[in-house]
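The following exercises are to be worked with the sequence and the structure in view.

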Amino acid sequence: MNNNSLWSDAFYRLRRNKAAMFGGFILILLIVVAILAPWISPYSYSYQDLNLGASPPSYEHLLGTDVLGRDLLSRILYGARISLLVGFVATAVALVIGVSWGIVAGYVGGRVDSIMMRIVDVLYGLPFIIFIILLMVIFGRNLWLLFGAIGAVEWLTMARIVRGQVIGLKNQEFVLAAKAMGVSNFSMFRRHLLPNILGPIAVYATLTIPQVMLLEGFLSFLGLGIQPPMSSWGTLIKDGVESMEEYSWLLIYPGITFTITLFALNFFGDGLRDALDPKTSDN
Amino acid sequence: MLAIFFKRILLAIPVLFAVATITFFLIKIAPGGPFDADRAVSPQVLKNLNEAYNLNASNWEQYVDYMSGLLRGDLGPSFRFPGRSVSEMIATGLPVTFELAFYAILIALVMGVFSGVIAALKRNTFLDFIPMSIAMIGICVPTFLMGPLLVLIFGINLEVLPVSGWGQLPGDKILPSLTLGFAYAAYIARLSRGGMLEVLNQDFIRTARAKGLTERMVVIKHAMQGGLIPVVSFLGPAIAGLLAGSFVVETIFQIPGLGRFYVEAAFNRDYTMILGTTIFFSAMIVFFNLMSDLASLWLNPRSRDAS
């Protein structure tokens with residue numbers, strides 16, 4: 001294994017990890033399905049067959065229909081769009097805030113660093129879930145606010161990780177050399193520091209997505225997240241719970257979908273971490 | 001040790017002050033007043049209500065008023081339940097939520113530490129794989145799905161346990177506590193397995209074995225003290241998570257605790273209740289984080305001696 005870059009090395013290790021590859025496969029499948037939902041789902045998500053009402057899985061409706069006669073499979077496929085969208089966008093928001101915060105704190109150092117990290121410490125200790133609920137109550141339940149609010153909560157760990165990495169890098173020769181050549185701060189971040197910390201960032205981002213999706217599901221379950229007629233997996237589970245005594249499939253299929261997705265993301269994230277940092281793979 | 005304690009407390013006070021201030025003004029900029037929701041109120045009644053709750057004063061006056069009330073432990077009246085104060089409602093809900101959280105933590109600690117330690121000792125055997133796979137399930141199945149599933153299995157299909165309430169029917173506390181505790185049992189199992197594995201490879205464990213201690217003594221007296229530090233540090237943040245979990249569990253099982261009050265207040269736009277509980281929750285979480293930090297400092301001899 002000579003002459004191989006970090007990434008091809010990591011990819012080789014990742015490919016040998018069956019659980020991670022399986023997780024990655026499920027993930028790609030879900031993303032494809034979510035994008036193609038309008039074309040592959042058997043019915044529209046709002047199409048109602050009122051004569052049918054709630055019906056168990058059958059040949060026409062593979063996963064059955066809900067109380068309003070809507071096809072459950074179609075609703076799960078459309079729900080994938082919202083759930084995955086929240087997962088990716090809110091993680092991206094967290095990524096942007098956390099990485100910038102961490103790079104600046106780590107690179108500038110000194111007083112700026114200690115103030116910035118003290119802020120992170122303080123925010124860590126607060127019950128953020130309550131503030132998200134508060135924001136949703138005050139400003140209404142809109143999707144973009146949800147992205148922003150969740151992203152604004154999840155960036156803290158990212159900032160800590162990035163800062164630690166940058167502190168490790170900033171006294172190395174290539175950084176000092178770049179500095180001596182008069183590279184500006186911004187291109188120092190972008191060209192020299194960022195590429196070297198992509199590994200940990202990628203790992204943590206993958207592990208943040210399932211957390212974000214859980215948070216969205218939690219809010220939607222309480223009725224404070226995604227609002228009808230849009231539906232995420234969280235709202236489907238909420239609807240399923242309301243009618244689970246008679247129509248248990250309405251809870252079980254969305255539940256299975258959600259759980260498998262979280263499994264896939266966690267396995268893939270763990271695999272990625274082991275692949276990029278073989279030292280930790282023992283624990 | 002004591003110095004750290006006072007330093008942290010001194011830091012917590014301005015933080016809570018900031019939380020109270022930010023929440024207060026956030027609620028002030030919220031659209032709509034507390035009384036213009038479902039039914040129309042005549043202008044005269046509205047005027048009287050606003051006067052009664054001192055809502056005509058300037059924001060600044062109301063703020064000073066509220067903060068001085070806060071110092072005396074008075075969180076103001078509830079806008080939705082006339083005649084009841086927010087402090088009163090917190091006082092009724094809190095014991096229920098505490099009891100639920102206590103059982104959940106107990107279940108989580110017993111199940112988690114036990115299976116985690118066994119898994120670490122019997123590494124790469126079935127006693128390792130099976131509990132750790134179950135733990136993975138516990139982490140991936142969210143509380144809001146686990147609760148209904150348990151209800152479906154034990155309450156509706158097997159009909160062995162009550163599906164809602166708290167302290168009214170025998171056994172109605174079992175399902176809520178299990179639901180809330182299971183996710184934490186899973187995390188704790190993983191943390192204690194990792195912590196134990198790290199400690200078990202260290203020299204002082206070899207020394208303990210070499211001097212002829214029984215395996216039981218080595219594990220209980222020497223390894224667990226260091227190996228469980230991650231679990232102790234996790235407990236502080238876990239309290240914050242338990243709180244969020246209690247929102248869900250109390251809603252599913254219709255338990256009259258603080259979590260359900262909060263969710264209901266959020267739906268009813270009962271602003272004083274939201275404000276009061278937010279401040280209260282924050283204070284509680286800051287306190288528990290402090291406790292767990294101090295406990296892990298105290299457990300770790302290196303940092304204990306250094307301070």
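**Exercise 1: Confidence in the model**

Chain A has a mean pLDDT of 83, with 96% of its residues at 70 or more. The structure is a predicted model.

Solution. 
Step 1. For the model, the scores are ipTM 0.80 and pTM 0.83.

**Exercise 2: The build of chain A**

Task. Describe chain A by its elements, its extent, its buried residues and its contacts.

Solution. 
Step 1. Chain A contains 11 helices and 0 strands.
Step 2. The C-alpha trace of chain A spans about 75 × 50 × 35 Å along its principal axes.
Step 3. Of the 283 residues in chain A, 43% are buried.
Step 4. Among the contacts in chain A with a separation of 6 or more, 69% join residues 24 or more positions apart.

**Exercise 3: Two helix pairs**

Two packed helices are described by the angle between their axes and the distance between the axes.

Task. Determine how α2(A) is oriented relative to α11(A), and which residues meet.

Solution. 
Step 1. Helix α2 (residues 18–40) of chain A packs with α11(A) at an angle of about 130°, and their axes are 7 Å apart.
Step 2. Angles over 145 degrees count as roughly antiparallel and those from 65 to 115 as roughly perpendicular; α2(A) and α11(A) are therefore oblique to each other.
Step 3. The crossing of α2(A) and α11(A) is left-handed.
Step 4. The residues of α2(A) that take part include A:A19, A:F22, A:G23 and A:L30, and those of α11(A) include A:I260, A:A264, A:F268 and A:D270.
Step 5. By class, the residues of the contact of α2(A) with α11(A) comprise 12 nonpolar, 4 polar and 1 charged.

Solution. 
Step 1. On α4(B) the contact is made by B:V86, B:M89 and B:I90, and on α12(B) by B:T272, B:M273, B:G276, B:T277 and B:F280.
Step 2. This contact of α4(B) with α12(B) has 5 nonpolar, 3 polar and no charged residues.

**Exercise 4: Where the chains touch**

Task. How many residues does each chain give to the contact between chain A and chain B, and which element of chain A gives the most?

Solution. 
Step 1. The contact takes 29 residues from chain A and 33 residues from chain B.
Step 2. On the side of chain A that touches chain B, the elements giving two or more residues are α5 (128–139), α9 (198–221), α10 (233–242) and α11 (249–276) of chain A.
Step 3. α11(A) gives the most to this side, with 7 residues.
Step 4. The side of chain A that touches chain B has 21 nonpolar, 7 polar and 1 charged residues.

**Exercise 5: Individual residues**

Task. Are B:E159 and B:Q254 buried or exposed?

Solution. 
Step 1. B:E159 lies in the loop between α6 (143–157) and α7 (174–200) of chain B. Although it is not a glycine, B:E159 has a positive phi of about 55°.
Step 2. B:E159 has 9 C-beta neighbours inside 10 Å and so counts as exposed.
Step 3. B:Q254 lies in the loop between α10 (229–252) and α11 (258–268) of chain B. B:Q254, which is not a glycine, has a positive phi of about 50°.
Step 4. With 12 C-beta neighbours inside 10 Å, B:Q254 counts as exposed.

Task. Describe the surroundings of A:A178.

Solution. 
Step 1. A:A178 belongs to helix α7 (residues 173–180) of chain A.
Step 2. A:A178 has 16 other C-beta atoms within 10 Å and is therefore partly exposed.
Step 3. Apart from its neighbours within four places in sequence, A:A178 is in contact with A:V183, A:M188 and A:H192.

Key
Residues are numbered from 1 along each chain as its sequence is written. Chains are lettered from A and ligands numbered from 1 in the order in which they are written. This is a predicted model: local features need pLDDT of at least 70, side-chain atom pairs count only at pLDDT 80 or more; totals for chains, interfaces and linings use all residues. Two residues are in contact if their C-beta atoms, placed from the backbone, lie within 7 Å. Helices (H or I, at least four residues) and strands (E, at least two) are DSSP runs, numbered from the N terminus. Ala, Val, Leu, Ile, Met, Phe, Trp, Tyr, Cys and Pro count as nonpolar, Asp, Glu, Lys and Arg as charged, and the others, Gly among them, as polar. pLDDT is the predictor's confidence in each residue, from 0 to 100. A residue is buried if 20 or more other C-beta atoms lie within 10 Å of its own, exposed if 12 or fewer, and partly exposed in between; C-beta atoms are placed from the backbone. Axes are lines fitted to C-alpha atoms, for helices over the stretch in contact, and angles run from 0 to 180 degrees between N-to-C directions. Angles under 35 degrees count as roughly parallel, over 145 as roughly antiparallel, 65 to 115 as roughly perpendicular and the rest as oblique. A crossing is left-handed if the near helix is turned anticlockwise from the far one by less than a right angle, and right-handed if clockwise.
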